[in-house]
Structures are given as structure tokens and as C-alpha cells.
Amino acid sequence: MSIYNADHAWLMLADGTTYEGRSFGAKGTAIGEVVFTTGMTGCQETLTDPSYFGQITVQTFPLIGNYGTNDDDVESDDIYMKGYIVREWCDSPSNFRATERIDNFLKRHGTIGLFDIDTRALTRRLREHGVMNGVITTEPITPENREQLLAQLGAFVIRDAVDTISTPAQRLYPAHGPRKYRVALFDFGYKRNIRESLRARGCDVLIVPARTTAAELAQLKPDGILLSNGPGDPGENVQVIENLRDIVALGIPIMGVCLGHQLMALARGGKTVKLGYGHRGGNQPVIDFETGRTFVTTQNHGYAVLGDSLDPAIARVSHVNANDKTCEGVEYLDVPVFTVQFHPEACAGPADTSFLFDKFLRMIDKQKEGK
Amino acid sequence: MPLRSDIKKVLMIGSGPIVIGQAAEFDYAGTQACRALKEEGLEVVLINSNPATIMTDKRMADRIYIEPLTLETIKRVIELEKPDSVLSTLGGQTGLTLSMQLAKDGFLESHNVKLLGANPETIDKAEDRQLFKDTMESINQPCIPSKVVTELDDALAFADTIGYPVIVRPAFTLGGTGGGIAGDVDELREIAANGLRHSPIHQILVERCVSGWKEIEFEVIRDRKGNLITVCSMENVDPVGIHTGDSVVIAPAVTLADKEYQMLRTASISIVDALGVEGGCNCQFALNPNSFEYAVIEVNPRVSRSSALASKATGYPIAKVATKIAIGYTLDEIVNAVTGCTYACFEPAIDYVVVKYPRWPFDKFVYGEKKLGTQMKATGEVMAIGTNFEQAIMKAAQSIELKLSSMRSPKMMQESDEQIMTRVNTPDDSRLFAVYEALYRGIEDVEEIFRITRIDRWFLYKFHNLAAVERQLESGRLDEILYLRAKKFGYLDSSIRKLSGVDPAPFHREAVYKMVDTCAAEFPAETPYFYSTYDDENEAAEFIGHHPSDKKTVIVFGSGPIRIGQGIEFDYCSVHCVWALKEAGYQAVIVNNNPETVSTDFDTGDRLYFDPLTPESVDSILATEKPYGVVVQFGGQTAISLTRHLADKGVRILGTCADSVDAAEDRERFDEILEQCGIPRPAGHTVMTTEEAVKAAESLGYPVLLRPSYVLGGQNMVIAPNAERVVEYMGIITAGGSLENPVLIDKYMMGTEVEVDAISDGEDFLIPGIMEHVERAGIHSGDSISVYPCRTLSERIKNTIIDYTGKLARALKVSGMVNVQYVVYNDEVYVIEVNPRSSRTVPYISKVTGVPMVDLATQIMLGAKLRDLGYGTGLYPNAPYVAVKVPVFSFEKLTGVDTQLGPEMKSTGEVLGIAKTFEEALLKGLVAAGYKLEERGGVLMSVKDADKPEMVKIAEKFEKLGFELYATPGTALALNNQMVATNSVRPMQEPSPNVMDLIDSGKIHYVISTSKGGADPKTNQSVRLRRRAVDHSIVCLTALDTANALADCLLSKKQMADIDLVSITDL
């Protein structure tokens, strides 16, 4: 039985462009923001990355699911994206760890999949027009329902992203090996490997809800705070941004990743902007001004911090994207805080900047020595 | 920091002749390097012995030396030209090794020359087995348990401790020469001894065999600041155990989860960092398919065959970037020329898959050992791009020039299940097709075939998918959905028709074109580099629409994979044609499928289509491009084969028309033309059957020359001395069913062979030079030593040749290039063949005469008149130099192949010697070709009866030179009878010590061996004798003319140091 005998499925973009392909994963209809990622490996990590909340993700690499899925390579326990679009999925995966086909994996998580469309044509459209809302559906788009769907697409906004997926309660993950530090990890939709990168370095990791306040944190007495990645428009997290102003004042070393980086900038008076089609993939070059080195990084973001919007007295841009020169990192001058737009925890993608976790821990060491 | 201010003049060392393991990819790399240097305003001095390259073209460098790539010569060039730097990493292993020698013996330092691209420490860490192991250990990168040994006994002892099988890898050899896998003590004894002999430092590595593990490669590029990116990952379809050059490869790696992928990517980065490479580097890993266990196999700290593939696969120009890094730039300063808006520090992301398929020479070398192992055997490769693996591998099969249209080999379709499974069990050049056949028939399932071959199940399932579509087609129920599915899987319309019995015309769709842009469409790219697929959007059509031009478009069809008979020369011609078209105000479009070449560089043509050169593929390109005209005469037989198809479609073929091509190939029509012109040719006939052949041969009188029409490189050409051979030959050639084209059978004349390349506009003609072969007719022109200008021909003969060439050009209405081969026999000139297209001698003759042949031919095709082009007509005045082209073979890599030269071409490449006299030029040529020209020692002779009388005077020359003469009994008797004192040596069938022991003893420096029998080493002793000489790297001459010329060369007592170096830019 060929995968190409599967039922039909469709994607319609807000501009009315429709792509007819075939269905895999779950059946149904979902509306989301259509984005593309250029990563060539790591589809399971991508699927389980909470930052894709509310989005329909297109893989530009045409062959997906080649090595199946397994129990280990997840970045969270669920799939938060609304839909998943590939050119071809592999029904005969081959890898010693493979336990499931990607089709089942999607079905199990109720995620709607679409394949056998010209994903490059779709990607080029998104590149030219910027990201667009779209509907992915296994129900035919008829002249009758088309207008209604388009109206829904026009109205769709990703809302309450962080609040929806952040943990309601604290949870402690002990260090692998002897404990050296205690780090509070703000869950804005954190990726598992951020937690694991810290645990591997001797950190007890305490996951805390997004809206945790400075006072609550002070009681927890962490050695450091990590602001995680997460989905959505950073600006909608008004309360979190407010809290962060006070948290900074605690003087505890802070590292921010992706959304965490954006929220910190907003908390410190900076501005963010929505990019045309974002940076998603494992090949983005980032220049580190301190060393003059360029690093290949993993990225997944649609918003960016405006470097110029930061007060030079308290912050300096530490990293920029070598291609479009957008802000990729900020070093704060008055407090022990640094944040990066990219993902040092990788997964999927290159781990070339994993040393930033070590930098964070050195910052904590220094703080401890000072005390 | 941009360009280093202390660099003004750079010496670039090329890679020399094309041999197995070092092919056109280094012309591609070197050409990119030269351009990158010149772009920076640097003066470039180039040395390369290979005249067929584009890099040795006047526009590529300021000073060009086509001279032997020896240490002495390079030192002289440095003394003469006084460059301030040497670029070491762009000229393959040859260039790198020479650079390191220059650096290590202090020559560079004492002449104030900087070494760019690599430092000796880096190279030693990567290439010296022990240092490499130590380095890997220091950064916790696992290596395969191994030991460096310099003695056979140590190898045996170590193998005992790690257990068999073990792999033997000789240090510092090309393409793994002399290596192999030993399954037991006896095998190790042989392989290790051979490896030690081949290693210039007498050192081999004995290691644990991880055959069957996945073989994964990463191409890394690093700058002096330590910025690194991986350009591309590649996965070998054939697991560890088969040389990567002989493996089918897919890019990117597909069966690795991100965890494994990043593990190896990170390992690559740590390795390249630890080695301190500044430039390109290739890292090869073995990965256990059942765990995260891996081992570093090897690292090549230079631009390589894999980097050429990675460049073409991604659009990222590794050689260019490596060059910029070598002269001071860093990755973040180098703009990605493909997008124009990203930087070289951006890792390419691709949205297609690429399959590389090797091209082996076993269609020529039927008795060669086809089994693949650690010794590379392929002469070239093709690359195919597709949106899925099925499509890409099908395109690759259609591109390798073995007349395949799918993964089903017509030959194997006739074989029994048992025969197929035997093939599946044997890793050779055709195994993948046997694997497909086995899956198609369902002889065994994926699991069992995986167990046997260790080819990852992923690939086997893809074959399964192809087989399923093929079966569906065969059911005869063709509909639009199935048609489109088959198209997306790479099936040609003709195959669909054949398989389904249904005409697919009602469903027909043209292919669309997608762009190769380095970034998976993330950024708008300006590179018009396309591949075909079946999809919605045609980006090529869009690109053409967005770039309106009043220039007319011309498509140049390339020459496909490098193979014996069709080498890099045709790429040279294609590229020159493109340049000439551009200069003449046309848009030039290239279609080709060879990743090693300059023609497939993304900025050579105005647009590039990386696709098969099949009629259907070409049709789709024509539909998108709607060209003014097309050019077929520069792409060798590959392009010429399209002529009929294109003409039938009514496409404007620029240059000589299809009808003339046919007239030159069709025996009867050609005879008519010759008769009209009053030009004699050796008597001959065309035949279709064995009976006709024997009858014809008998009427002509033996010996006769047999060959199929429409061939290049003397494919399947033999000289038959009797009816028996004629019957045998016809049996082989008709084995695949009845003939499409007739067999030509000619009277064989053993005279002087002369070759002419001419340019004509149908009225006037220009012959840049007449070339004369050292060897008499009977040896393929590609394998003969060729001398320009001709040296023994009388004025009358020369004038006859000029006259005939002009007559032929006019009669065939040649517009552009024509190649004519003559034989001068009993003071008469006969035409052997006429090819109205470019030939393999065009690059060299263009370079030594200064006549830009391809350029002129292209202008003529576009309507110019020869007499207006400024180079005159008739024979062009002789250059004040003699140029000798010497063929280069790769026999040491091809076990079991007879080295006896004959009408079928065997050489893989060529070198050129340029000097004032013939002897000097020949000496240069022989040295450049790698002949070890010992001035004293021993000569062993064993020649067929017909050659014995002539052997005498050559033996006398060696005797006069003070050589000790040895010969097998018959030859010795003949020589002693003529008073040439010769030691008679026992033949090999007699007990030791016999002739084989003599060869092993090291006393022999030249072997002169000719034989009339077959080429099978199992039955022919002469073949075995010659093979033994090859194994010992002893100069082995199989034509008396070559031996005689070599003896004369030695007698002239010239030394390389006495002969002036020639910069062809001064000619």
C-alpha cells in the first residue's frame, strides 16, 4: 500500500492560495500561522518544540521521517503546532532507535499532516509575502466554506501562547551527578534539552511557571535563573515582563534563550519587532562581537529584539545575525544577565554554542565568590 | 581582516594528469582558485603537466608552465618566477605532497616563499597514520584499532592481536593504491607487502575492519579565526569497506537521527579545529548502525573529490572560499555568490537530495577485477538531483552512459534468481542493479538483502518503492495519477510506454525546474542553477521571465561522466564554447551531469541545468529555454548522440548539420564522399552479422580492424589476425541481440598515424597543427605518444594531408570543428576516420599553437567567416617548440587489466612535454607521465614473433647504454642470434627462479612485452608478466615504437635540469 494512495488534504493560505496534497497524521481542520523551517534533520525535535505553538510548520527538506521517531528525541511531551507539512514522509523508516513511524506519531498527538505538495513553492510564497495564516484540512475546501475559512484566517492571531503551555506548578529535576548549582528555569514553553544541558552540568533544575514573581523566586533561592524559549508575540506577556523588572533587581545571574531573550529586552526598555518570515533552522550564522567568531546556530523565532532600542548605558548587543544583522544576543552591563536569540541547547541543530551554558555557570561561580 | 598585504604573486600547483583517484575535480578546484586569486588582483603562476585542463588556459593565470610536477621542476619555477607564496591545498594530493616537500626541506623559507592553505604540521597530523591517531586520541575522537607498521612481520603480529579481517592502508598514496582487506594470514601477507611497496615512505596501517558500518562524510570549512561550518554531509549507500570514490553516495545523510548527525558534525568540527585546518577539509566516519559508536576513518585536509561533489550538491563553492581563506579572508567576510545576501559562514540547507554514482571502466576492461574494495577503481562519476531518492537514483542510472533507463539492467533480466543472488553477494560495479533486480523479483526480502549487503534498509525500501511502481506500470492500467507518480520517480516516457504498453502521450507533462540556491529558498537567490522534477512551479521559466534579454539563447550540451575515451578535454571544449558564446553576445546555457567539472560550476554559463543528457530530459529543457540553437560538437559522444534526436525535432543545431554527422559515420555515404574527393581509405565494409563479417574479412585479407560505428575511444575495437578472432568478436558484440548500428571492418595498415584537428566554415579551413604518433597505427590515438609538429613526414605527404583535410571539410560542409585521422602507409596517405566534432587533442593543440580553436569554431557556427578571424587559412605556421603528448594510465589501480596497448583506448589522462627538440620534449613528457627513467640497470624483453626482428635494434640501444639485457627464451634466442648478448630467463611456467622472480628481484627497470593473444590474465602469461611489472612500478612498454623512442631519449643523455622551462604564456 503506497502512501500515495492516502486521502486528500489541503492547505489554504490567507491570500487564498490553495495546495492540494495528501493526508497523514491526524484528520481534521486547523488554523495556524504557516512558517517554514530549513532544518534537514530533527523532525521529532521540531514537532515537539513548544515554540511552534499555534503554527503550521513546513519542512523545506523534502524527505521527512526517514529514521522514524523514538521515545528519547522529544523536546516536550506534546506537539503544540497545529499542522505539519512535508513533501514526502517515510513509511519505512530505518534507524536502530526507531519505534514508530512519523505518521503514527502525529496521529497519537492529534496533529494534522499534509504531504505531497510543492513545499518549495509554498516556502517561496511565505518568503515573498511573509508568514501567513493558513488552514490545514482533510475536508475539501468548497466554494461554500472557502469564504468562511478565509474570514477565519483573517481573524486568527496566536494568543495567550505562554500562559496556555507554561507549567501550572513548580517541579524539580535533580542534577545528573553531584549537585553544584540550583537553577530556576522559567517555563515559557521550554525545550527539554535546556533542562538537560543544565542537569548535565551539575544543576538541580527547578521548573517554575511563567508568571512566577520576584518575591516567589527570592524564596526559592536559586543560584541562577534561566529564561526559556517559548511561542508567540513576546509583547503579549505583559505580566511576565513586569515581573522580570523586579527579578533582575534580585541580582541573581540570568541567562535568556529565544523568547526569554526577547522578554528580558522588553523588561529593560527595549523593543521587539516581527520579522517577515523569521529564522527557523539549524544553519543561521551568528557573529559574537566579544570574540569576533561566527557560530552556526539553531534558531526558531519570528520576532527579534531591536538592538537600537536598548539603552546603551545598560545593555550592549553581543551577537548579530551575519546575514541580516538582526540582534542575536544582548549583554547587560548593570546586572549579571546575558540573553541570546538562538538556541545553545540545539535539538534539532548544531550544538556549537553549548558553551554558553558554561558561561552562565561561570557567571554564577563569580557571583558566589563575590558573596 | 581582508587580503593579506604581503601576498602579491602566488604559485599554484595543479594535480597533473587524470588518473583514477584524481580526476577533473581538481581542474574545477584549481580553476576556481585561479579565478579567486585573480579577482583579488594577485599575480598567478601555475604549474600543471596536464594540458587538457581549463586551469592551464591563458586567461586563468599570468604565467603557465605545462611542465612535469616534480620537486626539481617546481623549484626551478620558483627560482625563475620568484612568487611570494605557494597555494598548496587546491591541487589534489599531488599538489599538496609537493608543497609539503618544498616546505619541509627548507626551500620555501630560503626563497622567502610563504606556504598558503596548510602548514606542514596540519598535514602531518592528518596524513601520517601515527600522528593522526595520536591527535584523535588527544581530543577523544575514537579511531579504529590500528597500528602503523613498516615491516611485514609486524603487520602479521598485530593482525593476530585484533583478529581478522583487517584493512591495510598504505601511507601517502593516491586513492588508496596498494590497500585492501585481508581475510586471513595469506591474504595479509600479499596485501601488506604490496602496500609497503606502494607507500613512498614504506609504511602501512593495519586496522580492525569495520566493514558494514555506515560510512558518513562531512565537508568542513574553517578559517584562521577558527570559524567553522559544515558545508554538506554525505552518506555512502555502500557501507564501509568500499572506497568512497566507488560508493554510491547520497547527500545529505538520510538515515541519521539528529542526535547521530550532530554527534558526527560536532566530531568533524573538533577534528578540523584540532588539526588547525585553514580551508576545506573532508572527514570520514564509520558509524555502527546499531548504536552511537563511531570511528574516524580518515581526514583529508584539502579540497578533494568529495568537496567538489559537496560544492555541486549545495551550490557552495568550497574551492573558491578555501582560496579566499588561504589569502587572509574569514568566512564572515566572504559573500555567498549564490544568494548575494548571505555569507560564507552560512551552512547550506538543501531541499532536494543528491545522488552520486561512480562510472567504472569495466565496459572497456572486461577482464579487470570488478570487485570493489578499498582501492578506488572508478574513472569518473555523475551526480543527479531529485526531490526524492527514487528520482535521483534513476536520473543517475540514466546519466552513467551505460544505456540504462531505469534500475533494471537488461542483461540481468535474462539471468536466473541464483545468478542474481550471486551478484548481490559480490560487491562489484553492478551490485546495486542486482539488488534492485532481486527486490523487483522478490527473490529475497529487504531484511535478507540487508543482511547480505549491509546496505541500509532505507535505500532498499526505496528500491522497493521503485519496483512497486514498475510492477504497477506493467499491469497496463496507466492513468494520470500513476503516470505522475512514475515521473516523480524518474521514469522516462519511453520506459512508461514500454512497461505499460500504453502510450503516455495523453498524460504527458514537461518537467519543471527548481533552483539550487544553498538555502532551501529561505533567501532569494540569483544563481541560475537548476534541476528538473515534476511539480507545480517552474523556477527556470520564472527566472527567464524575470531577466528579459534581447540576447539569443544557445544551449551547450556537455559530455557527461569522465570515462576512458571521453575525458576532461570535452569539458574544456564545452566551457570554451560557453565563453565564446557569451563574448559573442549570446546567453549560454549548459546541460551536464558531471559534478567534477568546470562546466557545471554555477557561474560558468548564464544558466546551468544539472540533469541527464537523455533525449527526454533535453526536450524538457528545450521547452523551458526555447533556445535559438544548440551546440553538440563539443560534448564528445554524449552530446553527438543527441544530434539525430534534435534534428528530428527541428532544433537548430549550430555548426555542422546532423546530416553531415551521419555522412561521416555512415560507411556507404562516407565512401561516396571519399570517392568524390579522390581520397583513399583502407578497404573496408560494413557488416551486420558474423557470416558477413567473416566473408568481408576474407575478401580484405588479414589482419583486419573491427569496430562498431558511432563510438568514441575505440570502444570494442580489435585487430583480428584470423577468422577465429572475427567470430569471437562478432559473438561478443551481438550478445545483446541484433545490432542497431553496423560493424565496420577494415583492412588494417600498420603505418604512421597522423591526426589533424581543423576548423572550417565549409569553404576555408585552418589546421593549427599536424600531429604525428610515435606508435604506428594499431594503437588507439588516445594511447599513443603524439608529437607536434609532425617530424618524419615529407612535404609531399604534409601537403596531401592538408589537401585532403580541406576537401573533407568542404565535402562534409563542416561548420566548426573536424578531426581527421590518417595513416601514412608505403608513402601514401589514407583516411582512417573523420569526426565532425571536437576531439581530445583540441586543448593541447590550442595551447601549443596559440590558436583558440573552440573560440574560432564557435564564432564560425554563429556565422563568422574563417578568413575574417585573423588566424589565416590552411596550415598554421609551426610553433618554435616541439610538444609531445604522453598518455597516462591507471593500471596499478585496475587489477587484472592487461597493459598491452591496442586499438581500444586504455589511458585515463595525458601530460605534455614542451621543449626545443623532440628528445627534450619527449623526456619532459615521460617524466611528467611518471616514468622512472633509470639510466642503468636491467631490461627484460618478451615479445611476439612478429616483433622479434625489430626488437634487435632496440635491444642494441639498451646494450649501448650499458643495460643488462634479459629475455624470455624465444626473444633471447632471436637477440643472441643477432649478436646482442642477452640472458635467457626461464618462463613463468617453469620452476623458480623464473622470469617472475627476476621481476621481483629489483634488477629490472624496463619491461618490453608484446603479445598477440587475448587479454585474460588467467590464460595469458604475457598479461601476468606485465601485471607483475605494474605491481612493482616498473616501466612496462607494450609497443616497440614506444620502447625505441624511450631508448633514443636515454641515448640523447639529456637531463631535465638541462632543458629550459617554457611558460606557454610566452609562446
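Trainee: Leaving aside neighbours within four places in sequence, which residues is H343(A) in contact with?

Mentor: This is a predicted model, and in it H343(A) is in contact with N229(A), V257(A), C258(A), T297(A), T298(A), Q299(A), N300(A) and G349(A).

Trainee: Why is H343(A) called buried?

Mentor: The cut-off is 20 or more other C-beta atoms within 10 Å. H343(A) has 29 of them within that distance, so H343(A) is buried.

Trainee: And what makes E345(A) count as buried?

Mentor: The reasoning starts from the cut-off of 20 or more. E345(A) has 26 C-beta neighbours inside 10 Å, and therefore counts as buried. Setting aside residues up to four places away in sequence, E345(A) touches K191(A), N193(A), I194(A) and S197(A).

Trainee: Where in chain A is E345(A) found?

Mentor: E345(A) sits in the loop between β19 and α10. H343(A) lies in the loop between β19 (337-340) and α10 (355-370).

Trainee: Which residues does the "active site" annotation cover?

Mentor: In the unreviewed UniProt entry, that annotation covers C258(A), H343(A) and E345(A). They are spread over 88 residues of sequence, yet they cluster in space, with a largest C-alpha distance of 11.0 Å.

Trainee: Let's turn to the two chains. How many residues does each bring to the contact?

Mentor: Chain B brings 48 residues and chain A brings 42 residues. On the side of chain B that touches chain A, α9(B) gives the most, with seven residues.

Trainee: How do the residues on that side of chain B divide into nonpolar, polar and charged?

Mentor: There are 23 nonpolar, ten polar and 15 charged residues on the side of chain B that touches chain A.

Terms used
Residues numbered from 1 in each chain as written. Chains lettered and ligands numbered in written order. Predicted model: local features only at pLDDT ≥ 70, side-chain atom pairs only at ≥ 80, totals over all residues. UniProt positions renumbered as here; feature names shortened; annotations may be inferred. Helix = DSSP H or I, 4+ residues; strand = E, 2+ residues; numbered from the N terminus. Buried ≥ 20, exposed ≤ 12 C-beta atoms within 10 Å, placed from the backbone. Contact = placed C-beta atoms within 7 Å. Nonpolar A, V, L, I, M, F, W, Y, C, P; charged D, E, K, R; others polar.
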